[in-house]
Amino acid sequence: MRVKSTLVLFPILCLILLLAPILLGLVSTWLPAFGYMPVIGATHFSLSYFNALFQHPAFTASVTSTLVSGIGATVLSLALAFWVIMHLYGTRSWAFLQKSLSPLLAMPHAAFAIGIALLISPSGWLLRIISPDITGFDSPPDWLILKDPKGYSLLFVLVLKETPFLILMILSALNQIKFRETFWVGSSLGYSSIRIWSRLVIPQLMPKLRLPILAVAAYSLSVVDISLIVGPSAPPTFAVLINRWFNDPDVSMRLLGSAGAVVLFLIVALVLLSILIIEQLLAKTTASNLVNGSRRSIISTLRPLAYGLNYSLSIIGIVCLAVLIIWSFTQVWRFPDALPSAYSLKYWAKSWPNLVDLSITSVTIALASTLISAIIVVGCLEFEVWAKRNGQSINHQRVLLLNYLPLLIPQIAFIFGVQVLLLWAHVEGTWFSMVWSHLIFVLPYVFLTLSGVYRGYDQRFYDVALTLSGSKWKSFYQIKLPMLLKPLLYSTAIGCSVSLAQYLPTLFAGAGRFSTVTTETVNLASGSDRRVMAVYALWQFAIPLIIFALAIGLPNRIFKDRVAMKS
Amino acid sequence: MSLLINHLKISINGKSLFPEVHMEITKGNIQTLMGPSGCGKSTILAAISGTLSTNFSIAGEIFLDDLPLMNLPTEERQVGILFQDDLLFPHFNVCQNLMFALPQNISKKVKLSRIFQALESAGLQGFDKRDIATLSGGQRARISMLRALLAEPKAILLDEPFSKLDAELKLSFREFVFNKIKEMNIPALLVSHDRADCYGDQYFDLQTGQFKQC
């Protein structure tokens, strides 16, 4: 007889919350693409919007810059992440990198893009530092560093942001294989460190990195907020162009936007499929090389380059933060002065009342969506424990894939459909719609960060508590939950930072009634005063930082006398 | 008060783990169960405590004071467990670990008095406020045993609780555990690899399904 538990409701709820908006959102986006959107009087199915899309003057350039920045960023950040790890893992330089990567990882994409823009633009800090002594410039040169038509500046920013993420993913994957033993065996057989990585470690890592790589590719091909700040503008990347059509005052443009969303979805699907095929081909074609006995690699001699890259990655996050701080307190900063000639709190004081309002909205949505996600994730993981004990097996790969789904499908490809649904249900622009639309993206991150530790919990503690207290509930909330408080709060902080960084879901589900720190920061980035822009970007970075500090500090405070809880 | 294991057979995928087990452990007695690794010793304990995965099929009955245990959830069986790891809760201090085991419906004053009494009986007076990470292996083992007994179980299962201790500590802790069980006057089932742990004249050999001389 198969035993049942009410815990089964959690995975069902998780499935509904994740899959339903994506599938219904896709359908509700695809129908208008084929000319069917009764609410604006379009009731005849037709392919004319696809024709209009392909003939649109911006289409080719827009797709080209999308492909250049999206594919380029994925390939380069993966190569750089491996390059750094292969050369530096375990060295003193590596320890430095690990510490200094945190600000880069924690910084929201929009704030980071603004920081980079303030750094590398023709009137940016870098050029100010070396001008006029080295460059001879007394005024900013007329260079097209940012917003170049091919999307190289966007590619550059994406690489800087995605490389640390992939390094983190590689580190997490290393914990899942017998890395140290593999290294010992490889070394004892006379293989150099680079050869051990390329012949023994990377082939083991690739299957575990597949989903994060695909997620990076999908994100880079469809990102909107960073593209608005540093991406090309005439025409913009494809996702930005679609977003512009969706928000056009002429409602018939939504049909063109929908056709664009369908095409972007197919482009992303095609790129992801190509990555999978290339991975298989590479694995097959290099299989014989893996055992050809070559012990040394010429790449080993290029180690100094890896050190340079390592320090550049580490420093860039810190410099970005520094330039935002300086600009936010600037009163007067003339080109080519290396530093402002007058400082002021004026722009903080001016922005503060609005920032408080925006922060309340942002944090409320973030906390609500994260708390609901955390409850659902804990429920799902408890169901796994129960299922395991009751002889039912859970396919972890399938669970993982489900969680990655919202990260593999471009937001713009289904978020319009979600908006249509919300409108149909008369809940558009409500707290419910805001929390729900954020939850779609928060839940996967909470699951991915919590599941490993939760699954590794020694269930015997709970069993002992059960025999001692005679209560399931007491054993759960007095023993298991406090023991897992640290990872729980950490994944909650991750969830909050994901929600705080959301741009499109706020824009579409909010129906203009909700503004968050992120939407305001991105809006300001297109041509506002640099000082105001820096204040907002810095604050966008500060909120998740405060939440992370609380998430890390709180358990340390609660368990300050418990040595075992600090490990 | 007795623990009756009545013609118990446990199998997985149709394959029996061990010959049929039949034994009765009377109050204050400790029955030792021995056998090589992987023969199912801990599986029997899991079946008695109610933590066995349903991947296993169980035939036979287990009674505690004539109460059939098989259909009861773990929390209602009133069976204590002591593992080879002490499994003290790391977020609690010594006093909180012990207090967790006491019933809710008694006053805090009574709870504290029982805890102090228990600590004194184990030679651990003054340890109540200590963080468990600061205790030695022997002290942790004794706290773990006290915790199991403070819940007033009607039987106790000992899953190789002495195996991780060094020789000297093992001897004193074994004596401590055996004395406590006698004092509590409850049946106990001890699983072990080591013949020196054997209590009484005979042990149950799980591989052959027979009682043998220690």
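I began with the charges of chain B and found that the mean positions of its 22 positive and 23 negative charges lie 4 Å apart; Lys and Arg count as positive and Asp and Glu as negative, with His and the chain ends not counted, and each charge is placed at NZ of Lys, CZ of Arg, CG of Asp or CD of Glu.

I noted that this is a predicted model, in which local features need pLDDT of at least 70 and side-chain atom pairs count only at pLDDT 80 or more, while totals for chains, interfaces and linings use all residues. Residues are numbered from 1 along each chain as its sequence is written, chains are lettered from A in the order in which they are written, and side-chain values use heavy atoms, without hydrogens and water.

I then looked up the fold of chain B, which has five helices and 11 strands (DSSP runs, H or I of at least four residues and E of at least two). Its radius of gyration is 17 Å, close to the 17 Å of the globule rule for 214 residues, so chain B is as compact as a globular protein of that length (taken over C-alpha atoms, the rule being 2.2 Å times the number of residues to the power 0.38).

Of the area that chain A buries against chain B, Arg460(A), Leu468(A) and Arg562(A) supply 26%, more than any other three residues.

Terms used
Buried area is the accessible area (1.4 Å probe) that two parts lose on being put together, summed over both.
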